[in-house]
Amino acid sequence: MVVGMEGQRSVVMSADLAQDNRDSAEVAEEELLRAQVYGLLARLLRAPPDDGLLAALADLRGDGGGFGDALNALAGAARESDAAAVAAEFTTLFIGVGGSERLPYASYYLTGFMNEKPLAVLRDDMARLGIARADGVTEPEDHLAALCEMMAGLIGGLFEETTETGDAAPVGLDGQKRFYDRHIGAWAGRFFADLQTSPSARFYRAVGAVGEQFLAVEGRAFDLAA
Amino acid sequence: MDGMDGSGTMTERHRADKPNGAMARRDLFRVAGLGVGALGAAAVGAVGAAPTAEAAPTAPATTGYRETDHVRTVYALSRF
């Protein structure tokens with residue numbers, strides 16, 4: 001699930017991003033916050049939280065709005081969970097034996113099958129933006145955790161696209177909206193909603209709510225900027 | 001970049017007047033509870049706990065599925 005830039009940067013880019021750009025004037029603060037939420041969602045969809053992350057989540061205080069409420073619920077869920085239980089829940093939800101409950105892949109949600117055309121379209125866009133799968137990762141790139149990492153990278157200016165004048169430039173809001181609409185907007189909200197009703201979901205029910213609320217704001221914000 | 005023109009801070013201006021896209025965006029995030037620092041330490045936690053490609057699936061002391069070197073070898077030999 002780990003995506004990095006072509007070349008040496010086969011790292012978790014969303015993770016680096018939050019720190020790299022903390023002092024950067026290039027990224028406005030609310031945009032950085034978006035990148036951090038994407039980074040957190042990617043982290044929680046990639047692997048279950050360890051004790052340290054659970055403790056940090058338990059201290060979350062929502063700041064109003066649907067997203068704030070969801071954050072408070074996530075904090076409550078984190079306080080009531082321990083890492084071992086959440087890890088077992090993660091396994092049942094996303095890995096499973098003989099089939100997981102949830103398959104957070106764009107292709108699966110959009111076509112009913114893995115590795116269909118949405119994955120091919122994504123790979124084209126990744127090539128255009130210079131994004132490559134990290135070494136040793138075998139999962140398809142259209143896993144939602146990878147897509148969230150890519151969004152965080154786009155927001156943070158890690159990737160560049162070629163403009164009409166032929167120059168390479170960081171991906172602006174319009175480019176982010178294009179990527180979001182093509183690869184995330186049409187299905188990820190549905191996935192997060194499904195996650196909240198998954199029979200085995202406890203902690204991840206709260207994660208689903210945070211994701212759903214966040215994407216709702218993202219979608220509206222993109223419409224404002226357009 | 002953020003639509004401010006230097007003639008006043010954002011809080012002093014009348015946002016409702018004619019919000020441009022960037023300002024409306026910022027307001028939307030703020031009202032939705034996505035204010036700066038909303039994630040607090042959890043953002044840092046996500047960073048600090050971010051595993052490498054190798055480390056991710058091999059968290060110790062779980063009973064869940066782990067793709068250990070042995071499992072990878074089995075997959076390789078069975079040519080999946």
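**Figure 1. Surroundings of A:F191 in the predicted model.** Leaving out residues up to four places away in sequence, A:F191 touches A:L45, A:F94, A:R102, A:P104, A:Y109 and A:L144, where contact means heavy atoms within 4.5 Å. This is a predicted model, in which local features need pLDDT of at least 70 and side-chain atom pairs count only at pLDDT 80 or more, whereas totals for chains, interfaces and linings use all residues. Residues are numbered from 1 along each chain as its sequence is written, chains are lettered from A and ligands numbered from 1 in the order in which they are written, and side-chain values use heavy atoms, with hydrogens and water left out.

**Figure 2. The largest nonpolar core.** A nonpolar core is a set of buried Ala, Val, Leu, Ile, Met, Phe, Trp, Tyr and Cys residues joined through side-chain atoms within 4.5 Å; buried means under 20% relative accessible area, exposed over 50%, and partly exposed in between, with a 1.4 Å probe and protein chains only. The largest such core has 75 residues, of which A:Y38, A:L57, A:L144, A:L147, A:F191, A:F203 and A:Y204 touch the most other members. Helix 11 (residues 203-225) of chain A supplies the largest share of this core, 11 residues; helices (H or I, at least four residues) and strands (E, at least two) are DSSP runs, numbered from the N terminus.

Figure 3. Rings of Phe, Tyr and Trp (its six-membered ring) pair if their centres lie within 6.5 Å, and planes under 30 degrees apart count as stacked, over 60 as edge-to-face and the rest as tilted. The whole structure holds 13 aromatic pairs over all chains. One of them, formed by A:F94 and A:Y204, is edge-to-face, with 5.5 Å centre to centre and 85 degrees between the planes. This pair links distant parts of the chain, since A:F94 lies in helix 5 (residues 83-95) of chain A and A:Y204 in helix 11 of chain A, 110 residues apart.

**Figure 4. The buried face of helix 9 of chain A.** In helix 9 (residues 173-183) of chain A, the residues A:G175, A:Q176, A:F179, A:Y180 and A:H183 are buried. Seen down the axis of this helix, its buried residues fall within an arc of 135 degrees, so they line one face of the helix; the arc is that of the directions from the helix axis to the C-beta atoms. Their cover includes helix 2 (29-46), helix 6 (106-111), helix 7 (117-129), helix 8 (144-155), strand 3 (160-162) and helix 11 of chain A.

**Figure 5. A:G68 and its contacts with chain B.** A:G68 is found in helix 4 (residues 65-79) of chain A and counts as buried because its relative accessibility is 1%. Apart from its neighbours within four places in sequence, A:G68 is in contact with A:G62, A:D63, B:A32 and B:G33. The C-alpha atoms of A:G68 and A:V210 are separated by 8.5 Å, although the two residues are 142 apart along the chain. Chain B, to which B:A32 and B:G33 belong, has 3 helices and 0 strands, and 32% of its 80 residues count as buried.

**Figure 6. The backbone at A:N115.** A:N115 is found in the loop between helix 6 and helix 7 of chain A, and its phi is near 60 degrees, a positive value in a residue other than glycine. Most residues other than glycine have a negative phi. With a relative accessible area of 48%, A:N115 is partly exposed.
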